[in-house]
Amino acid sequence: MRDVRAVWEVFRVFLKLGLTSFGGPAAHLGYFRTEFVDRKRWLTDEQYADLVALCQFLPGPASSQVGFAIGLQRAGFGGAIAAFLGFTLPSAAVLVAFAYGANMFGGSVGAGLLLGLKAVAVAVVTHAVVGMARTLTPDLQRVGIALGVAVLSVLGLFGVPGQALLIALGALAGLLLCRNAPATVVAPVATRISRRGGAWALAIFGGVLAGGAVVAVVAPRTTYALFGEFYRAGALVFGGGHTVLPLLQAGVVDSGWVSAQDFLAGYGATQAMPGPLFTFAGFLGAVSSVGPGGVLGAVIALVAVFLPGMLLLIGVLPFWTRVRSNERAQRAMRGANAAVVGIMAAALIYPIVPAGITSIGTLVLAVGCLVLLLTTKASPWIVVILGAVGGVAVSLLSGA
């Protein structure tokens, strides 16, 4: 009974986040930190940063992987699935409805809502960066690592796999520079996964990926090919979010399964959704000319695009918790955690601030939301509602 209550608790918390976490992957990580580190204290800042660093380094939807791991730690595999469903269902359901012709963000009120939600994302990510920097960059070495990673990330010198490479550079810098940092004991995140279970997950990941490549050749216009195309996109993308778009476009537009017009319309609607951007796959599965289409096509595409990242995470976690206790690994993780701060700061600089601060009104709104988070410890969903209402007010006043 206690396990059922724990799973239900995880689902409720992540459903709330799935309904209110606007702003893309970096903002999601900010919402998660506020909820699970600041408010519920399910994780410490160090544990949270470790998970973020690991998930940024693995292919797949990083914020969804972090949520999956938090649910796993809290309530086992039932909690992991509950976290995934709660965080994913709201935006997936709306996007499938959009595929049938529904549009909930039209007119000046809808535009104002989006204006306010983008300003809230600025406040949430700023709050997360400030909080994580206090804990994870306590000395000059780690401040330097965070600043260096932020600069490299803003410059975009490493292309699509940039975040994984920057995490690796941060870990290398930590190994070399953080020798004299005081030893810290970071309790590993409980995974409830054996090494054998992890090895099976990695084997399934590779087997399905290879099988999808074969199906693409021998049965290119079947439901199996649809699953394989979305699975490959989820397996080969680093950082999640917008970086999956080129793979999805090549898979469904260039092949003629989805028109370019539908692809762009669905992508535009996805920008208005809370929760993971990977739910764009649900829209594409619903409108695809290959596969069953509709709700069933959406479900197939969603399972396929999220599955590889979750299999990789399950496969790596049991080995990660053992490696993490090594002294050299701890030095590397100090640098990797500082790199996480730098990556989030860079995401704040671009694209979150330019997208969210477009006028004096949105600047005032973002600052007001940040003050609420810093001084009152208001729940993020309350700040989201206030920001949305404020965005409508700003839009109507500017229109007047």
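The model is predicted, so local features need pLDDT of at least 70 and side-chain atom pairs count only at pLDDT 80 or more, while totals for chains, interfaces and linings use all residues. Residues are numbered from 1 along each chain as its sequence is written, and side-chain values use heavy atoms, leaving out hydrogens and water.

**Exercise 1.** Find where Ser395 lies and decide: is Ser395 buried or exposed?

Solution. Ser395 sits in helix 16, residues 380-399; helices are DSSP runs of H or I with at least four residues, numbered from the N terminus. Buried means under 20% relative accessible area and exposed over 50%, with partly exposed in between (1.4 Å probe, protein chains only). Ser395 has 14% relative accessibility, so Ser395 is buried.

**Exercise 2.** Classify how helix 3 and helix 14 are oriented to each other.

Solution. Helix 3 (residues 45-57) packs against helix 14 (residues 327-356) at about 80 degrees, with axes 9 Å apart. Axes are lines fitted to C-alpha atoms over the stretch in contact, and angles run from 0 to 180 degrees between N-to-C directions. Angles under 35 degrees count as roughly parallel, over 145 as roughly antiparallel, 65 to 115 as roughly perpendicular and the rest as oblique. The two helices, helix 3 and helix 14, are therefore roughly perpendicular.
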